[in-house]
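Morning, everyone. I'll walk you through one structure today, piece by piece. Please have the viewer open.

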Amino acid sequence: MTTKVLDPREVLLRADHLRREMGDDFRDRIVSSLYADAQRIADRSVQIGTGQKWDWDQKIDRIVTSPVFGLPIMLGILALIFWITIIGANYPSQMLAEFFFVVEARAAELFIAWGVPALLTGFIWNGVFRGLAWVVSVMLPPMAIFFPMFTVLEDLGYLPRVAFNMDWLFRNAGAHGKQALTMAMGFGCNAAGITATRVIDSPRERLIAILTNNFVPCNGRFPTLIMLATIFVAAAFPPAFASLAAAGAVVGVVLIGVGFTLLSSWLLARTVLQGEASAFTLELPPYRRPSILRILYTSLIDRTIFVLWRAILTAAPAGAAIWVLANIDWNGVSLAQHSANFLQPLGYAIGLDGVILLAYVIAIPANEIVVPTMLMVYMGVSAMSDITSYDKIRTLLIDEQGWTMLTAVNLMLFSLLHNPCATTIITIWKETRSAKWTTIGALMPLVFAFAVTFAVATAVRALW
Amino acid sequence: MTSQAWVLLVLIFAIAVAWPKIGLWTQWRHYQAEKTRRLVEDALKHIVAWEQRGQAATPESLAGALSLSQRRTLSLIIRMEKRGLLRSDPAGFSLTSKGESWALHVVRAHRLWERYLADDAGMPMERLHQAAEIAEHQLSAEKLDKLDAHLGHPQRDPHGDPIPAADGSLKPVDAVSLSQWPTGEQARIVHIEDEPDVIFRQIIAAGLRPGVNIRILENTPERLVISDGNTEHRLAHIVAANIQVAEARHSLRPAGAIRLSELPKGEPAEVIELDAACRGFSRRRLLDLGLTPQTRIEVALDNPFGDPRAYRVRGTTIALRRQQAGQIWVKPPSTSANQQTAKEAIHA
C-alpha cells in the first residue's frame with residue numbers, strides 16, 4: 001500500500017478552506033459530541049450508588065452556607081485557628097529562643113577563646129546568627145501549627161465554600177469570587193497567595209487579586225499582631241479569657257484587612273482596571289476525609305520549610321545590617337539611633353515613632369524581623385535583644401518607651417496595611433511582568449497605611 | 001534677564017524642536033502622518049463598503065462619511081490617486097488592487113477587534129463599534145494573524161458581518177431582511193446593522209443578536225411580531241429592516257424555557273442551549289463543565305446572599321453567578337413533569 005504524501009502547504013490550505021465551511025458553532029458541536037460519547041460509555045460501565053454520601057455533603061453544605069450560620073461558622077473557624085496558634089506557639093517559641101541564646105553565648109565564647117577578633121565574633125553571632133535565631137523561634141512554631149490546620153481545611157473542601165459565601169462581596173467590588181481562595185493562601189504567605197491567583201482566568205480580575213493580596217496579614221506579620229494583641233488587648237481581660245481576647249483581636253484585624261481588600265478592589269475596578277465581570281465558575285468538590293500523611297507533608301515540607309527558608313535567607317543579611325547600624329557610632333550615637341531620630345517626626349504624625357518606622361525600613365526583605373529590630377533599638381544594646389517573655393516586652397514598651405493604646409492600634413494597622421515584603425514584590429513582578437503594576441502593588445498599600453494611621457492618630461489626639 | 005540667559009533659552013527651545021527622532025518637529029510630523037493615514041484608511045473603508053453593496057462611492061458620499069469639506073475631500077482623493085490606491089471614473093471611484101487589499105486589512109482589523117472585545121473582554125455590544133474605530137488603525141497584519149488564531153479564526157464579527165481572511169477573501173453573508181421572511185417560518189438572525197445607533201441599541205436591548213432563532217408570528221404593514229421561543233417582540237418595520245435572517249439550523253427554543261438563574265430550588269431541569277450572547281471564553285468554560293444540550297441540572301445550594309447559586313450537574317456541584325446562569329436556557333421542570341402526569345393519566 002502506498003501512502004500519498006501531501007504537500008504540507010496544501011494541507012494547511014485545505015484546512016483553512018474547510019474551517020470556513022464549519023460555521024461558528026462547531027466548538028459547541030465538538031464538545032457536545034465528546035460529552036455524549038462519554039455519557040454513553042459511563043452509562044454502560046458505571047454504576048451509581050445510592051447517593052448517601054451526596055446527601056451528607058448536601059446537609060453539611062446547607063449548614064456552612066446557610067444565611068444564619070454561614071458567616072459565623074467561618075469567623076468561628078478562623079478565630080479557633082488563631083487561638084490554637086497563639087496558645088500552642090507561645091511555649092515552643094520561648095524554648096527555641098532560650099536554646100538559640102545558649103548556643104549563641106557558647107559559640108561566641110568559643111570564638112573569643114580561639115582568638116577571633118571581637119568585631120567578627122559580634123558580627124557573626126550577635127548579628128547574623130541572632131537574626132536567624134529570632135526568625136526561626138518566632139516563626140517556626142506558629143507556622144508548624146497554623147499551616148497543618150489550614151491544610152486540613154483545604155483538604156476537607158471547606159475553602160471553596162468560603163469563596164461561595166463571600167462571592168457577593170467580591171462581585172459588588174468588581175472582583176472575582178476566587179479571590180477569597182487566594183486571600184486564604186495569603187494568610188500563609190502573600191507571595192504564595194499571589195502565585196495562587198493563577199486560578200483566576202480573567203487577567204483583569206487576576207490583577208486585582210494580585211494587587212490586593214497584601215491586605216491579608218501573612219505569617220510573617222502574625223507574630224507582631226499576636227504580640228500586640230497579647231500585650232495590649234489580652235492584658236485588659238481576666239487571665240482565663242486573655243488568649244481568647246487576643247484571638248478575637250487578631251480576627252478583628254483580619255476583618256479590617258478584608259475590608260481594605262474589598263475597598264481597594266472596588267477602587268481598582270472603577271479606576272485603572274475597569275471592565276466587565278468575567279465568567280465565574282467555582283466547583284464545590286465533595287467533602288473528603290483529610291489524609292494525615294499528605295497534610296503533614298504539604299504543610300510542613302511544602303509550606304513551612306519553604307516559607308522558613310525564605311525568611312532565613314532574608315533574615316541573615318537583615319541581622320547583619322542591624323548589627324552594623326547599631327555598632328557604628330557617629331558623634332557618639334549609633335547610626336540606628338540617628339536614623340530613628342530622623343524618622344521620628346513622620347512616625348509621630350502617624351501615631352508611631354521613629355524606631356518603629358526604622359524597623360519597617362530594615363524589615364523590607366522580611367516582615368518577621370520588625371519586632372526584634374524595634375526592641376533592639378529601644379534597648380540600645382548592640383544586638384537584637386533576647387527578651388523571651390511577653391512580660392519583659394510589656395515593661396519595656398509601656399513603662400520605658402511610653403507606648404499607649406494608640407501606638408498599639410496604629411502599629412497593628414500599619415503592620416496590616418504597609419507595603420509588601422521584598423519577596424512579595426518580586427513575585428508580583430514575576431506574575432505580571434510589568435513595572436507599572438509592580439509599583440502600584442508596592443506603593444498602594446503604603447499610601448493606605450500612612451493615610452489610615454495618620455487619620456486614626458489625628459482623630460484620637462483631637463478627641464482626647 | 002541677561003542676554004546670555006536669553007540665548008540659552010532660545011538654544012534650548014531650538015534643540016527641543018529640532019532634536020532628531022524625539023524633537024517637537026518630528027513629533028508633530030509624526031502626528032500629522034498618523035492623522036492622514038487614519039483619514040486615508042477611513043476613506044478606503046467607505047469605498048470598499050459601497051463596492052460591496054454594488055455601488056460606487058462618489059466625492060459627495062465620501063465627504064459625508066468623513067465629515068470633510070468638499071475642498072479637503074478633493075485633495076484627499078488626489079493624494080490617494082497619486083499613491084495608486086484608487087481610480088476616479090465619471091461614475092465614481094473604484095479601488096486599485098493595492099487600495100482594496102489595504103481596505104480589507106482595515107475591515108479585518110475592525111471586525112476582529114470587535115470579536116475580541118465581545119468574546120474575551122466581555123464588552124457590551126453597543127460599545128464595540130466605537131472602540132474598534134480607534135483600534136483598526138493601530139493593528140499590524142502580524143498582530144491580526146495572532147489575534148485571529150487566538151480567537152479560533154472567527155467567521156463573523158459580533159454584528160454578523162463577515163471577517164475577511166488574511167488573504168483578503170470575503171465570504172458574503174447569505175441573508176434576507178427580516179421583513180421579507182415568510183410568516184410562521186423559523187429563522188436565524190445572522191446580521192444586525194449597527195447604524196443608526198438608536199435602532200441598534202433597541203434591537204440589542206431586546207436580547208436579539210446574531211445566532212438567536214426566531215419565528216415570525218405576525219407581519220402587518222404597521223409592525224412585525226416575532227418570538228424567540230419564550231418572549232414576543234414587536235418591531236417597527238424600520239427596525240426589522242436592520243435585522244437580516246437566514247435558514248434556522250436548529251429548532252426554536254421550546255415555549256416555557258427559562259433561564260437557569262430562574263430555576264426554583266428542588267426542581268430538576270434539562271439544559272436546552274447556551275444563549276447566543278454567551279461567547280468566547282465564557283461559553284467554552286460552560287461547555288467544558290458539561291452544560292451541553294440535554295444535560296440534567298438542578299439547584300444544589302441557594303446562597304445566603306442570593307448570588308452565586310450552586311448547581312448539580314453531571315455528578316459535580318458548580319457555583320455560577322446569576323449573570324452566567326442567566327445565559328443558560330433550561331426546560332422548566334413543570335412542563336416535563338406535566339407531560340409525565342399527562343402520560344400517566346392516559347395510561348390509567
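A word on terms before we start: a helix here is a DSSP run of H or I with at least four residues, and helices are numbered from the N terminus. Keep in mind that this is a predicted model.

Start with A:Glu104. This residue sits in helix α4 of chain A, which spans residues 70–114. Is A:Glu104 buried or exposed? It is buried, with a relative accessible area of 4%. The cut-off for buried is under 20%. Leaving out residues up to four places away in sequence, A:Glu104 touches A:Trp125, A:Asn126, A:Phe129 and A:Arg130.

Next, a helix pair in chain A. Find α6, residues 158–172, and α11, residues 239–270. Their axes are 8 Å apart, and the packing angle is about 40 degrees. Angles under 35 degrees would count as roughly parallel. The two helices are therefore oblique to each other.

Which residues meet there? From α6(A), they are A:Met166, A:Leu169, A:Phe170 and A:Asn172. From α11(A), they are A:Val258, A:Leu262, A:Trp266 and A:Arg270. By class, that contact has six nonpolar residues, one polar and one charged.

Seven strands make an open sheet with antiparallel pairing. The order is β1(A)-β13(B)-β12(B)-β11(B)-β10(B)-β14(B)-β9(B).

In chain B, β10 (residues 269–274) and β14 (residues 328–331) run antiparallel, joined by four bridges. One bridge pairs B:Leu274 with B:Ile328 in β14(B).

Six strands form an open, antiparallel sheet in the order β3-β8-β4-β5-β6-β7. At the edges stand β3 (176–177) and β7 (232–236), each with a single partner strand, so one side of each has no neighbour in the sheet.

Work along to β7. Strands β5 (residues 213–219) and β6 (residues 223–227) of chain B pair antiparallel over four bridges. There, B:Arg215 has B:Ser227 in β6(B) as its bridge partner. Then β6(B) and β7(B) pair antiparallel over five bridges. B:Arg223 stands opposite B:Ala236 in β7(B). These two strands form a hairpin with four residues between them. In the turn, B:Gly229 has a positive phi of about 115 degrees. On β7(B), B:His233 and B:Leu235 make up the covered face. B:Glu232, B:Arg234 and B:Ala236 make up the uncovered one.

Last topic: cysteines. How many disulfides are there over all chains? The count is zero. Take A:Cys218 and A:Cys421. The sulfur of A:Cys218 has its closest cysteine sulfur in A:Cys421, 6.2 Å away, which is too far for a bond. The cut-off is 2.5 Å. Both cysteines are buried: A:Cys218 at 7% relative accessibility, and A:Cys421 at 6%.

That's the tour. Questions, please.

How values were computed:
Residues numbered from 1 in each chain as written. Chains lettered and ligands numbered in written order. Predicted model: local features only at pLDDT ≥ 70, side-chain atom pairs only at ≥ 80, totals over all residues. Heavy atoms only, no water. Axes fitted to C-alpha atoms, helices over the stretch in contact; angles between N-to-C directions. Parallel < 35°, antiparallel > 145°, perpendicular 65-115°, else oblique. Contact = heavy atoms within 4.5 Å. Nonpolar A, V, L, I, M, F, W, Y, C, P; charged D, E, K, R; others polar. Pairing = 2+ DSSP bridges. Buried < 20%, exposed > 50% of the residue type's maximum accessible area, 1.4 Å probe, protein only.
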